[in-house]
Amino acid sequence: MKIYQGRPEDESGRQQREIAVYDILDKLQISYQRADHEAAMTIEDCKGVDELFEIEICKNLFLCNRQKTIFYLLMMPGKKKFSTKELCHQIQSPRLSFADESYMVEFLDIHPGSVSIMGLMNDRENRVQLLIDREVAESEYLGCHPCVNTSSLKLRTADVLEKFLPGVHHTYRVVDL
């Protein structure tokens with residue numbers, strides 16, 4: 001595995017959803033490092049990427065309320081355990097569960113194993129609320145997939161919060177997990 005600056009020189013064979021991520025990052029003048037790798041379906045699969053970038057790739061969970069009317073993307077450190085009860089209390093939601101893949105595809109144009117904050121660029125109706133664990137929000141860098149799990153990105157957290165999110169018309173809420 002090798003670190004590259006920015007988008008791939010040869011984009012043939014890459015999915016359009018990945019190229020769209022590079023397009024928006026370039027448009028918003030957000031610099032990033034990229035690593036291409038075998039499919040990483042779980043946070044454990046990202047261990048080599050973590051070591052290469054010297055950061056921790058974020059765990060991204062796609063959640064919804066019981067009625068499936070409110071959807072959340074939760075970004076948290078990969079090493080942290082997810083506590084539904086703790087999160088529900090903070091966001092004043094009676095119950096959360098993992099949302100169906102069909103909603104993930106419809107709202108974010110991504111599939112399990114590729115869930116990423118970058119998918120918010122596809123949520124033009126703002127159906128998904130972004131929740132970020134304080135540890136991630138306060139870190140200098142964050143790691144995520146470019147909507148496919150065969151590449152990973154290292155971005156300055158400030159660029160994501162101050163340029164990317166406003167650029168895709170989303171806000172975020174910090175939570176403590």
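**A quick note on the sheet, a loop histidine and some rings**

1. Let's start with strand 1 and strand 2, which run antiparallel and are joined by three bridges. Within that pairing, isoleucine 3 stands opposite alanine 35 in strand 2. Keep in mind that this is a predicted model.

2. Strand 2 and strand 8 pair over five bridges, in the antiparallel sense. Moving on from there, strand 8 (residues 151–156) is joined to strand 7 by four bridges, and these two run antiparallel as well. Here cysteine 144 is the residue to look for, standing opposite leucine 153 in strand 8.

3. Put together, that gives an open sheet of four strands in the order 1-2-8-7, with antiparallel pairing. Its edges are strand 1 (3–5) and strand 7 (141–144), each of which pairs on one side only. On average, neighbouring strands in this sheet are turned by 25° against each other, direction ignored.

4. Helix 1 (residues 16–27) lies across strand 2 (32–36) and strand 8, and runs at about 15° to strand 8. Helix 6 (residues 157–167) lies across strand 7 and strand 8, but its angle to strand 8 is about 80°.

5. Now for the loop between strand 7 and strand 8, where histidine 145 lies. Is histidine 145 buried or exposed? With a relative accessible area of 6%, histidine 145 counts as buried, because the cut-off for that is under 20%. A polar atom of its side chain lies 2.8 Å from the backbone oxygen of serine 151. Leaving aside neighbours within four places in sequence, histidine 145 has contacts that include His37, Ala40, Cys46, Gly113 and Met118.

6. For contrast, take a look at proline 94, in the loop between helix 3 (84–91) and strand 5 (96–98). Proline 94 is exposed, with a relative accessible area of 80%. If you want a sense of span, proline 94 and glutamate 11 are 44 Å apart in space, C-alpha to C-alpha, and 83 residues apart in sequence.

7. On to the aromatics: a search of the whole structure finds six aromatic pairs. One of them is phenylalanine 71 with phenylalanine 107, an edge-to-face pair at 4.9 Å centre to centre, with 70° between the planes. Phenylalanine 71 sits in strand 4 (residues 71–77) and phenylalanine 107 in helix 4 (residues 101–108), so this pair ties together parts 36 residues apart in sequence. Both phenylalanine 71 and phenylalanine 107 are buried. They also belong to one aromatic cluster, formed by Phe62, Phe71, Tyr103 and Phe107.

8. Finally, have a look at tyrosine 141. Which residue has its charged end over the ring of tyrosine 141, 5.6 Å from its centre? That is arginine 156. Lysine 154 lies over the face of tyrosine 141 too, at 4.5 Å from the ring centre.

Conventions: Residues numbered from 1 in each chain as written. Heavy atoms only, no water. Pairing = 2+ DSSP bridges. Axes fitted to C-alpha atoms, helices over the stretch in contact; angles between N-to-C directions. Contact = heavy atoms within 4.5 Å. Buried < 20%, exposed > 50% of the residue type's maximum accessible area, 1.4 Å probe, protein only. Polar contact = N/O pair within 3.5 Å; in protein donor to acceptor, adjacent residues only side chain to side chain. Phe/Tyr/Trp six-rings, centres within 6.5 Å; stacked < 30°, edge-to-face > 60°. Lys NZ or Arg CZ within 6 Å of the ring centre and 35° of its normal.
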